[in-house]
Amino acid sequence: MSQRHFRPDAARRGFLRVASQIAFVRNGAALFNEPINAFHSRVRESATDRLLKIRRCVGPRGNMLSILAAGSVFFPGLFLLSKQCLKYIPGLRWSEGDAVIVSARLVSSVQALMASSAGYIIASSCDDIIEDGHWLTCSYILFAVPYFVYDIYAMFMCYWYKLRVKGHEEAATAPKHMGSALLSYLRREFLMVLHHVVMVTVCFPVSVFLRRGKGDYFQGVMFMAELSTPSVCLGKILIQYKQQHTLLHKVNGALMLVTFFVFRVLLFPYIYYAYGRYASIPFHLVPLRVSWQCNLGAALLMAPQLYWFSLICRGAFRLFTRSSRRPPAPSPCPANGYSVRPAEPESSAH
């Protein structure tokens, strides 16, 4: 009975129909998966390219650790060497406090000159300000990271010895214990400490790992912001030794005002201008074309520079207006230059 009603042609047509439907589904799935597979392929290629650029920038892990170790030895070592020389070289024999304060300024100036030199080399070697790179960029970032950690300690030691000076304006209320002095230091130098912490925890990973090897030119330009630091440090030393009335202090003050304005205040407007010229974008439209992360980072980095520049302008105004008045009668002061009269405000910028 079943053999009588069995139709081979109908069975064959049914089988072919099912097979064609299966093939259609498979082809449809392949067509659907093709853009997905292409996307995953591009992601894998992008990730591989990013890793290769990062590896070219920072080198093998051993090289990274070696550069970090070199910076960790160089800056504290230079500080200790300078302090010992100032304390024990015949003809100097400075006190511990004087040696610490001047040595800290010396290390900051050396770091600034190294960073500025590296920045000039990097910026001058980049014809394409986005794509061109230089090996010195990430190498110096790694080398300079330990400096910011060391400098937090060095600034605290300077603050500690200033408070120990007899006749200093804060000596009467100075904390007697290291822990209390540390809290007082963090309150007074909060902005500078925050600046250093952000440089280590935010700017370092962004500059080394998230730039994908692009923008070395801008990194070099930002290095050259340190050109203002030597004049800031020299001004602090001259104030420490009560040399505000000298021609050197006035010339250095004018130099500090100019270099800080050019290399720190005008830094970010220039970066926007350079990118706008590269991308053929009007200057006033650049903030609307770049990512909000870039705008936020530039604003956060520029804000303290404007604050410190206002302090420098206030100090310069007092310096040059005071010079037109009759100089005050000399008063005895300690060997390191501090007196009981309140000192004019100093810029904390490094």
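Visitor: What makes Arg211 and Asp216 a salt bridge, and are the two residues buried or exposed?
Guide: In this predicted model, Arg211 and Asp216 are both buried. Their side chains meet at 2.8 Å, N to O. The cut-off for a salt bridge is 4 Å between a Lys or Arg side-chain nitrogen and an Asp or Glu carboxyl oxygen, so the pair qualifies.

Visitor: How many salt bridges are found in the whole structure?
Guide: The search finds 5. Side chains of opposite charge can pair when their charged atoms come close.

Visitor: Why is the contact of Glu131 with Lys214 called a salt bridge?
Guide: The closest N and O atoms of Glu131 and Lys214 are 3.7 Å apart. That is within 4 Å, therefore the name applies.

Visitor: What does the pair of Glu131 and Lys214 tie together?
Guide: Glu131 sits in the loop between H4 and H5, and Lys214 in the loop between helix H7 (190-210) and helix H8 (216-223), so the bridge joins parts 83 residues apart in sequence.

Visitor: Why does Glu131 count as partly exposed?
Guide: Its relative accessibility is 43%. Buried requires under 20% and exposed over 50%, so Glu131 falls in between. Lys214, with a relative accessible area of 30%, is partly exposed as well.

Visitor: How do you know that Lys83 is buried, and how does Glu96 count?
Guide: Lys83 has 12% relative accessibility, and buried means under 20%, so Lys83 is buried. Glu96 has 25% and therefore counts as partly exposed.

Visitor: What distance separates Glu96 and Lys83?
Guide: The closest N and O atoms of this salt bridge are 3.3 Å apart.

Visitor: Which residues touch the most other members of the largest nonpolar core?
Guide: The core has 61 residues, and those with the most contacts to other members are Val107, Tyr140, Tyr150, Tyr217, Phe218 and Val221. Helix H5 (residues 135-163) supplies the largest share, 18 residues. Tyr217 touches Ala123, Cys126, Ile129, Tyr270 and Ala274, leaving aside residues up to four places away in sequence.

Visitor: What is the volume of the largest pocket, and which residues are closest to its centre?
Guide: The volume is about 1,800 Å³. Of 47 lining residues, Val206, Ser207, Gln219, Met222 and Leu301 are closest to the centre. H7 contributes the most, 12 residues. By class, the lining has 33 nonpolar, 9 polar and 5 charged residues.

Notes: Residues numbered from 1 in each chain as written. Predicted model: local features only at pLDDT ≥ 70, side-chain atom pairs only at ≥ 80, totals over all residues. Heavy atoms only, no water. Core = buried A, V, L, I, M, F, W, Y, C linked by side-chain atoms within 4.5 Å. Buried < 20%, exposed > 50% of the residue type's maximum accessible area, 1.4 Å probe, protein only. Helix = DSSP H or I, 4+ residues; strand = E, 2+ residues; numbered from the N terminus. Contact = heavy atoms within 4.5 Å. 1 Å grid on protein atoms, 1.4 Å probe; cavity = no way out; pocket = protein on both sides within 12 Å on 5 of 7 lines; lining within 4 Å. Points joined across faces, edges and corners; volume = space filled by probe spheres on them. Nonpolar A, V, L, I, M, F, W, Y, C, P; charged D, E, K, R; others polar.
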